[in-house]
Amino acid sequence: MTDGTGVTLTEKAAQRITDIARKKNKGDAMLRVSVQGGGCQGFSYVFSFDSAQRENDTLFSQHNAKLVIDRDSFALLQGARIDFVQDLMGARFSIDNPQASSSCGCGNSFSL
């Protein structure tokens, strides 16, 4: 499934995705974001790279980078903004999720 709405990928996040894909010599690599149970708030974000879109994925293409999210995770991420940040905690992808009622200090887990 392909859809261009629902999740926003910032230019910084898109640039980081393309940089990582280039370093891995995988020009077709996409950032895969999923949500799984666990973490200190009940749900946690999982980031990985994938070169294949699966049947139940939603594909986003923004700023020349690709992002895939499975159907179940997409339901928990609609309206989210994915960014890449560098601060005292390190460099990482960060999600601003309007559906989350609270999140942990590091931003890796959330509750609804």
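Q: What does the secondary structure of the chain come to, and which pattern does the chain follow along the sequence?

A: The model is predicted, and its secondary structure comes to two helices and nine strands. Along the sequence the pattern is β-α-β-β-β-β-α-β-β-β-β.

Q: How do strands of a sheet pair?

A: They pair through backbone hydrogen bonds, and the pairing is either parallel or antiparallel. β1 and strand β6 (residues 81-87) run parallel and are joined by two bridges. Threonine 8 stands opposite arginine 81 in β6.

Q: In which sense do β4 and β5 pair, parallel or antiparallel?

A: They are antiparallel, with six bridges between them. By contrast, β2 and β5 run parallel and are joined by three bridges. In the hairpin of β4 and β5, two residues lie between the strands, and histidine 63 takes a positive phi near 55°.

Q: How much of β5 is buried?

A: Five of the six residues of β5 are buried, so the strand is mostly covered, where buried means under 20% relative accessible area. For the chain as a whole, 39% of its 112 residues count as buried. The chain exposes about 6200 Å², and carbon and sulfur atoms supply 46% of that area.

Q: Where do nonpolar side chains tend to be in soluble globular proteins?

A: They tend to be buried together. In this model, the largest nonpolar core has 22 residues. Those with the most contacts inside the core are Leu9, Val33, Leu67, Ile69, Leu77, Ile82 and Phe93. At least two residues of this core come from each of α1, β2, β5 (65-70), α2 (71-77), β6 and β7. The largest share, four residues, comes from α1.

Q: Which residues is isoleucine 82 in contact with, leaving aside its neighbours within four places in sequence?

A: Isoleucine 82 is in contact with Val7, Thr8, Leu9, Thr10, Ala13, Val33, Leu67, Phe93, Ser94 and Ile95. For the chain, take the contacts between residues at least 6 apart in sequence: 52% of them join residues at least 24 apart.

Q: How many salt bridges does the count come to, and what is the cut-off?

A: The count comes to six. The cut-off is a side-chain nitrogen of Lys or Arg within 4 Å of a carboxyl oxygen of Asp or Glu. One of them joins the side chains of aspartate 57 and arginine 32, at 2.8 Å from N to O. Aspartate 57 lies in strand β4 (residues 57-62) and arginine 32 in strand β2 (residues 30-37), so this pair ties together parts that are 25 residues apart in sequence. Aspartate 57 and arginine 32 are both buried.

Q: Which residues are linked in a network of salt bridges?

A: Arg32, Asp50, Arg54 and Asp57 are linked in this way. Aspartate 50 is buried, at a relative accessible area of 17%, whereas arginine 54 is partly exposed at 47%.

Q: How far apart are the closest N and O atoms of aspartate 83 and arginine 81?

A: They are 3.9 Å apart, and the two residues form a salt bridge. Aspartate 83 counts as buried at 12% relative accessibility, and arginine 81 counts as partly exposed at 40%.

Q: Where is phenylalanine 43, and is phenylalanine 43 buried or partly exposed?

A: Phenylalanine 43 is in strand β3 (residues 43-50). Its relative accessible area is 26%, so it is partly exposed. The C-alpha atoms of phenylalanine 43 and leucine 76 are separated by 9.6 Å, while the two residues are 33 apart along the chain.

Conventions. Residues are numbered from 1 along each chain as its sequence is written. This is a predicted model: local features need pLDDT of at least 70, side-chain atom pairs count only at pLDDT 80 or more; totals for chains, interfaces and linings use all residues. Side-chain values use heavy atoms; hydrogens and water are left out. Buried means under 20% relative accessible area, exposed over 50%, partly exposed in between (1.4 Å probe, protein chains only). Contact means heavy atoms within 4.5 Å. Accessible areas come from the Shrake-Rupley method with a 1.4 Å probe; for residues, only the protein chains shown count as cover. Two strands pair if DSSP finds at least two bridges between them. A nonpolar core is a set of buried Ala, Val, Leu, Ile, Met, Phe, Trp, Tyr and Cys residues joined through side-chain atoms within 4.5 Å.
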